[in-house]
Amino acid sequence: MGTSVYATLGRLASPPVFYRIAEASRIWLIGLFLLLFIPGIYGALIGAPPDYQQGEGYRIIFVHVPAAWMSLFIYVNMAGMAAVSLIWRGKTAAICARASAPAGAAFTALTLATGSIWGKPMWGTWWVWDARLTSELILLFIYLGYMALVASIPDRRTAAAAGAILLLVGLINIPVIHFSVDWWNTLHQPATIAKFGAPSIDKAMLMPLLLMAGSFMVFYLAVMATMAQALLLEQEASSQWAKQAAS
C-alpha cells in the first residue's frame, strides 16, 4: 500500500505530468478565485457592518489579515517542498518552492503596507518596531534573500540545496510571528480568529474574511502553477516533452 502511494506521488511529481496537471487546473483555479473573491469583496466593502470602535477604517483587515495568513502559509509550504527536494532530490518540489517565492514576498509586502495604512489612524504612526511588524519584515527579507540566492547560483541543484537550507533555517521566524502578540507586550491586537474557542468577531465580518482568505489561497495556487510551468520549460528545455509543450 505504502509503495503504491509513493509510486503514484512520484508519477504525479514528474515534470511532464505536473506540467499537464498545472495546465489543466488553471481555468478551474481562475473560476474558483472569482467565485470566492466576488462575494468576499462585496461582503467586505458593503455587507459587513462598520466596527463599533474603528468605524469604516477597519475594512482594510479584509485584505490585511488574509495577506498575513498567506505570507505564513506560503513560507511553510515552501519549506516543506524544499525539504522534499533536499531529501528526495525532487525536481518538481524545488521548482514549486521557487515558483512560490514571488507570491509569498508579494503577500508579505501587502501585509506590511496595509498594516501601515491601518496603523496610521489607529496608532498615530505608519510604523513602530513592534514584535509582530518586525518579525514580518524579517520574513520579507527572507523571501527576497531566497529569490536572490537561487538566482545567483548557476548550477540548478546547488541553487535548490542552498535555497532549501535557507528556507528551513528561516522557519524559526514563523512561530515568532504567530505568537509574538502572546509572548511580548505589543501594540498589535491579539488573535481574534485563529484562537481556541469561538472567534471574537461577528459572523457578518467573519464570512467575507474567510471568503477573501480562500480567494487569496486559490490565487496563490494559480500563480504558483503558472510560474512553475515556465520554470519547468526553462529547466527541461532539452527534453522532448518540453519541446512539444513549448510548441
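How many helices and how many strands are there in the protein? The protein has 9 helices and 0 strands, where helices (H or I, at least four residues) and strands (E, at least two) are DSSP runs numbered from the N terminus. The model is predicted: local features need pLDDT of at least 70, side-chain atom pairs count only at pLDDT 80 or more, and totals for chains, interfaces and linings use all residues. Residues are numbered from 1 along each chain as its sequence is written, and side-chain values use heavy atoms, with hydrogens and water left out.

From the N terminus on, the order of elements is α-α-α-α-α-α-α-α-α. Of the 247 residues in the protein, 41% are buried; buried means under 20% relative accessible area, exposed over 50%, and partly exposed in between (1.4 Å probe, protein chains only). The accessible surface comes to about 13300 Å², and 71% of this surface belongs to carbon and sulfur atoms. Areas were computed by the Shrake-Rupley method with a 1.4 Å probe, and for residues only the protein chains shown count as cover. Among contacts (heavy atoms within 4.5 Å) between residues at least 6 apart in sequence, 73% join residues at least 24 apart.

Helix α3 (residues 61–88) packs with helix α4 (residues 91–123) at an angle of about 155 degrees, and their axes are 8 Å apart. Axes are lines fitted to C-alpha atoms, for helices over the stretch in contact, and angles run from 0 to 180 degrees between N-to-C directions. The pair α3 and α4 is therefore roughly antiparallel, a class that takes angles over 145 degrees. The crossing of α3 and α4 is left-handed, that is, the near helix is turned anticlockwise from the far one by less than a right angle. By class, the contact of α3 with α4 has 17 nonpolar, 9 polar and no charged residues. Ala, Val, Leu, Ile, Met, Phe, Trp, Tyr, Cys and Pro count as nonpolar, Asp, Glu, Lys and Arg as charged, and the others, Gly among them, as polar.

T111 lies in helix α4. With a relative accessible area of 5%, T111 is buried. Residues up to four places away in sequence aside, T111 touches H64, A67, A68, S71 and E136.

L211 is placed in helix α8 (residues 203–235). L211 counts as partly exposed because its relative accessibility is 24%. With residues up to four places away in sequence not counted, L211 touches L36, P39 and G40. The C-alpha atoms of L211 and L35 are separated by 9.2 Å, although the two residues are 176 residues apart along the chain.

Technical notes:
Angles under 35 degrees count as roughly parallel, over 145 as roughly antiparallel, 65 to 115 as roughly perpendicular and the rest as oblique.
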